[in-house]
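Subject: Structure handover

Hi,

Here is the structure I promised to pass on to you. My notes follow below it.

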Amino acid sequence: MVPLSVLDLSPIIEGGDAGQSLRNSLDLARHVEALGYRRFWMAEHHNLPGIASAATAVALAHVAAGTSSIKIGAGGIMLPNHAPLVIAEQFGTLAALHPGRVELGLGRAPGSDQITNQAIRRNLYGDVDEFPRDVVELMGYFQPAEPGQAVQAVPGAGLEVPIWILGSSTYGAQLAAYLGLPFAFASHFAPGMMMPAMKIYRERFRPSAQLALPHVMLGVVVVAAETDEEARFLFSSLQQSRGDLDDFIRRTGADELMVTANIFDHSKRKRSFEIVAELHGGMKASRNLEDARGESGV
């Protein structure tokens with residue numbers, strides 16, 4: 001059984017506001033937790049009137065406090081926007097409050113336009129080409145502090161915060177393989193690079209302390225409803241088209257799917273994830289069994 005997870009952008013609908021969107025995110029997280037979804041991730045985007053998850057760590061704190069078992073994570077934090085120490089402290093705080101539930105997906109895209117990007121960084125020295133170094137630095141802050149270590153992440157040092165690499169090209173695949181980290185590919189908006197990236201990742205993967213075998217999670221847009229006609233209507237919000245879920249799993253050999261669906265009507269959005277869980281089958285029992293056995297790194 002391929003596990004299903006959720007990527008939430010906390011959409012702000014016409015006539016709504018950010019507060020309601022974030023409350024809807026918590027409501028959705030509780031809903032999919034009960035259905036057996038494995039993870040609930042939120043994404044960092046800036047200067048976009050339709051997305052409320054810009055302060056991703058804050059939004060995740062809200063969701064984590066209102067749920068009990070589902071894994072909570074960023075999908076992702078755009079690391080070039082931030083000092084690695086700050087992110088280590090933020091997610092170390094989350095991990096201290098919610099042990100064993102917090103994970104961190106890292107991307108190298110800015111998640112915004114150039115002007116907004118400069119406003120976020122206030123620093124012209126930030127460079128996406130430094131992303132591998134920044135990832136390694138961030139990972140180091142989660143290691144137990146050494147005697148005499150000048151800079152520590154407090155909270156953060158010595159806490160378990162699994163790292164994922166996010167990507168929409170072969171660049172992220174190469175880095176994830178080299179570092180031995182799980183890889184989440186944005187196939188929901190970059191399908192053309194999906195198969196080459198997966199091939200590179202699996203062929204070049206090097207085992208690490210976090211992960212013994214390669215693990216790929218693919219993003220996919222899924223809208224489900226009681227009828228095909230209603231599903232097509234709801235899907236018109238996205239103005240894009242994707243193929244059949246079962247066929248997608250067979251064709252890609254994905255280890256896990258990250259499902260996203262920005263549907264205008266919140267109740268129908270919840271129902272969509274419910275239908276997907278029903279069609280996928282056995283998710284709750286499968287996740288409970290994995291929790292009993294203990295997950296290894298992912």
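Axes here are lines fitted to C-alpha atoms, for helices over the stretch in contact, and angles run from 0 to 180 degrees between N-to-C directions. Helices (H or I, at least four residues) and strands (E, at least two) are DSSP runs, numbered from the N terminus.

This is a predicted model, in which local features need pLDDT of at least 70 and side-chain atom pairs count only at pLDDT 80 or more, while totals for chains, interfaces and linings use all residues. Residues are numbered from 1 along each chain as its sequence is written, and side-chain values use heavy atoms, with hydrogens and water left out.

The protein has 11 helices and eight strands. Of its 298 residues, 50% are buried (under 20% relative accessible area, 1.4 Å probe, protein chains only).

Now the helix pair: H7 (residues 194-204) packs against H9 (residues 245-252) at about 40°, the axes being 11 Å apart. Met 194, Met 195, Met 198 and Arg 202 of H7 are in contact with Phe 248, Arg 251 and Thr 252 of H9 (heavy atoms within 4.5 Å).

Then there is H1 (residues 18-35). At its start, a side-chain oxygen of Asp 17 comes to within 3.2 Å of the backbone nitrogen of Gly 19. Buried residues in H1 include Leu 26, Leu 28 and His 31. Just after H1, Gly 36 has a positive phi of about 100°.

Best wishes

Key. A polar contact is a pair of N or O atoms within 3.5 Å; within protein, one must be able to donate a hydrogen and the other to accept it, and residues adjacent in sequence count only if both atoms are side-chain atoms.
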